[in-house]
Amino acid sequence: MQHFLTTESLTLDQLTAILDTAESFINADGLSVKKVPLLRGKTIVNLFFEASTRTRSTFELAAKRLSADILTMNIAASATVKGESLLDTLRNLEAMHVDMFVVRHQDSGAAEFLSQHTSPGISVINAGDGRHAHPTQAMLDMFTIRRHKGTFDQLKVTIVGDLLHSRVARSQIHALRTLGAKEIRVVAPRTLMPTQLEALGVDVYDNVEAALSGTDVIITLRLQKERMQGALLPSEREYFQLFGLTSERVALAAKDAIVMHPGPINRGVEISSSVADGEQSVILQQVSYGIAVRMAVMSMLAGQ
Amino acid sequence: MKIEILNSHICDPLNDIDRVDTIYMADAKILSIGEPPAGWQADQSIDASGLYCIPGLVDIAARLGNSGQTQQKSISSETHAAVSAGITSLVCMPDSNPVIDSAAQLEYVQQHCHSSSHCHVYVIAALTTGLKGDMLSEMAALKQAGCVGVSNVMHPLANNLVLRRAMEYASGQGLTLHYQAMDPALQANGCINEGLAATRMGLIGIPNAGETAAVGVCLALIEHTGARVHFARLSTQRAVHMLELAHSEGLNISADVAAHQLFLCDDDIPAFDPNFHLLPPLRSADDLAGLRQAISNPIFNAICSDHQPHDADAKLAPFASTKIGASALETLLPLVLRLVEEDLLSLQQAIALVTYKPAQMLNIDAGSLTPGATADLCLFDPKQEWTLQASDMHSRGKHSPFLGQRFKGKVKHTFVSGKLAYSES
């Protein structure tokens, strides 16, 4: 792999290799990550055109645990505002002898675009582009699922929430399909459901109770407040009533179902505090695993 | 200068000519076909054995400037690209910078064309001031200055009342409204057809209803106002059905389609390739099939290029942020010939849609080889195969969704007003 842009085109072997490599970075305690010298002397630039806390900081930590030098640029407020094009920003940074870019951008296709214009030998990791893809998030979710459930082939997975705007959901669906999940269900108000999503191999539901019934993995997506504008939803209250993940609804799933969320969570909007902090929640483990999974992707791109 | 073209296969749909014969022309006019004029002695004799001779193409939707800038240099390059592709009459759309919304601006473009153009250039003027969609342009002055129609191009109108007023006013001036149907709210900043490709790439989709809803409203207003409306750049099969029905009920309407809409759909878009960022967007495979089936319907009186040349920079960004449109003059005739190759149209039908039919709608002297008509014609080799490569394109814009594709049929010579305007080197 030269770049890591989407989970869509990856093979089962590639996905499994990422998960296995991530596993090798995890300590015996199952959570913490040891420091290794794999990327010593390499320079990685976090290029964030859009705000992020979790993703940016776990990429930083992952790079540091691999002994790379990492520089984080929050570009939202600097160069592009001055009219510099995305490509000029890239060229300027390339001149600083960078080995790898980690890119987050509000436009779908931005990471792909940059990967087509980087010099040979430089890798691009997509840390979220518009509504298109967020492949490292999807891989840390797969890692979390595998750690809890072992294998994918018997799993029913339900994704609840704003699929229309979600790059995370798209990347999860591609990864789950390739890893062989038995059933992928998606449920959302129809205003937040992308057209023809079923063609990606998922079952589309209108009713959250039906979608959760007997499921093994529940993934809740963040609902952004802006969605009340543009007539996508009437109110947060009605959304929570219809789609909010409550203890009663979690009880419809398999007894040992896990509850996941890519963060940051809106308590009382898409998920109740009792579920977010409850026994079945693995939301904080997802964050921890994010470091090992991002280390795996970075080291594999560097040919290690 | 007296010129005779010998032995070409002449295809002139208006006059129902489809045979190998000789064309005689002099002083910028066609004199006769077959029989030489009395006392004929040619100054120049061209043997065109193996070539087809057709009237010069009429392209009813093109732009002359890079990314909308109309400059002398680009008028020269784009009209040269036109004649290299057999196009001898080109209609410039008003969405340049500045917008062609006043007689002064129209005359400015005409002056530049007069000194730099390689073919005839006509102008469709803006329907509203600055194409902003709210105030009517001075249509009477624009008509006086020579515009051949008015259009909103890719700019929606503020509301249905503006559309009604624009129709009424244009009709009163005897101007055809070239209406590009789009509902701005339903379009919602989309950049691709709403469908699986949009879902996969996470791009905002434009639903078919963005077109059909606007067509429906427009038809209702045509019934009310009796305006003469031409529906420009259709993309959905449903809209075509609506127009066919309205036409059969007697409404005075017509339509065109951009050539690329007859060959590509959204499934064909390689991941985020900005050469496929077009408006209206490439629709679904079903719409593509529907448009191809409907192209022989009399509602269609033109196939156009919708040529939009851009600098390299205009497409150097993530898909949605790139400029809309592609360079298309040089693929117009080859794509139209492909419709014949694929048995969707006869050669006469296909050539009619890029010659006399659009010329009649625009009411211009073009599109046929009738004795007395201006001697605009194109000679092409129907058998020669070639590959579209950016480096070979004559247009200053090098973006096309057909780059790398094989085409059959190559223009060899183009005459504009009886003069050789292009000859393949």
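Student: What percentage of the 425 residues of chain B count as buried?
Tutor: This is a predicted model. A residue is buried if 20 or more other C-beta atoms lie within 10 Å of its own. In chain B, the share of the 425 residues that count as buried is 57%.

Student: What is the radius of gyration of chain B, against the value from the globule rule?
Tutor: Chain B holds 12 helices and 19 strands. For 425 residues the globule rule gives 22 Å, and chain B comes close to this, so it is as compact as a globular protein of that length. Its radius of gyration is 21 Å.

Student: Which span does the C-alpha trace of chain B have along its principal axes?
Tutor: Take contacts in chain B with a separation of 6 or more: 76% of them are between residues 24 or more positions apart. Along the principal axes, the C-alpha trace spans about 65 × 45 × 45 Å.

Student: How are α7(B) and α8(B) oriented to each other?
Tutor: Helix α7 of chain B covers residues 209–225, and helix α8 of chain B covers residues 237–248. Their axes are 9 Å apart, at an angle of about 15°. Angles under 35 degrees count as roughly parallel. The two helices, α7(B) and α8(B), are therefore roughly parallel.

Student: Which residues of α8(B) meet α7(B)?
Tutor: The crossing of α7(B) past α8(B) is right-handed. By class, this contact has 6 nonpolar, 2 polar and 2 charged residues. From α7(B) come E211(B), T212(B), V215(B), G216(B) and L219(B). In α8(B) they meet R238(B), A239(B), M242(B), L243(B) and A246(B).

Student: Which helix gives the largest share of the side of chain B that touches chain A?
Tutor: Between the chains, 17 residues of chain B are in contact with 19 residues of chain A. The chain B side has 11 nonpolar, 5 polar and 1 charged residues. Its largest share is 4 residues, from residues 196–201 of chain B, helix α6.

Student: What radius of gyration does chain A have?
Tutor: Chain A has 11 helices and 9 strands. Its C-alpha atoms fill a box of roughly 55 × 45 × 35 Å along the principal axes. A compact globule with 304 residues would have a radius of gyration near 19 Å, and chain A agrees, with 19 Å.

Student: Which elements of chain A do the buried residues of α4(A) pack against?
Tutor: Helix α4 of chain A runs over residues 110–117. Its buried residues include A110(A), A111(A), E112(A), F113(A) and L114(A). The buried residues of α4(A) pack against α3 (86–94), β3 (100–105) and β4 (123–129).

Student: How does α1(A) lie relative to α5(A)?
Tutor: The axes of helix α1 (residues 12–25) and helix α5 (residues 135–149) of chain A come within 10 Å and cross at roughly 70°. That makes α1(A), relative to α5(A), roughly perpendicular.

Student: How many nonpolar, polar and charged residues are in the contact of α1(A) with α5(A)?
Tutor: The crossing of α1(A) and α5(A) is right-handed. L15(A), I18(A), L19(A) and A22(A) of α1(A) meet M139(A), M142(A), F143(A) and R146(A) of α5(A). By class, the contact has 7 nonpolar, no polar and 1 charged.

Methods
Residues are numbered from 1 along each chain as its sequence is written. Chains are lettered from A and ligands numbered from 1 in the order in which they are written. This is a predicted model: local features need pLDDT of at least 70, side-chain atom pairs count only at pLDDT 80 or more; totals for chains, interfaces and linings use all residues. Axes are lines fitted to C-alpha atoms, for helices over the stretch in contact, and angles run from 0 to 180 degrees between N-to-C directions. Angles under 35 degrees count as roughly parallel, over 145 as roughly antiparallel, 65 to 115 as roughly perpendicular and the rest as oblique. A crossing is left-handed if the near helix is turned anticlockwise from the far one by less than a right angle, and right-handed if clockwise. Two residues are in contact if their C-beta atoms, placed from the backbone, lie within 7 Å. Ala, Val, Leu, Ile, Met, Phe, Trp, Tyr, Cys and Pro count as nonpolar, Asp, Glu, Lys and Arg as charged, and the others, Gly among them, as polar. The radius of gyration is taken over C-alpha atoms; the globule rule is 2.2 Å times the number of residues to the power 0.38. A residue is buried if 20 or more other C-beta atoms lie within 10 Å of its own, exposed if 12 or fewer, and partly exposed in between; C-beta atoms are placed from the backbone.
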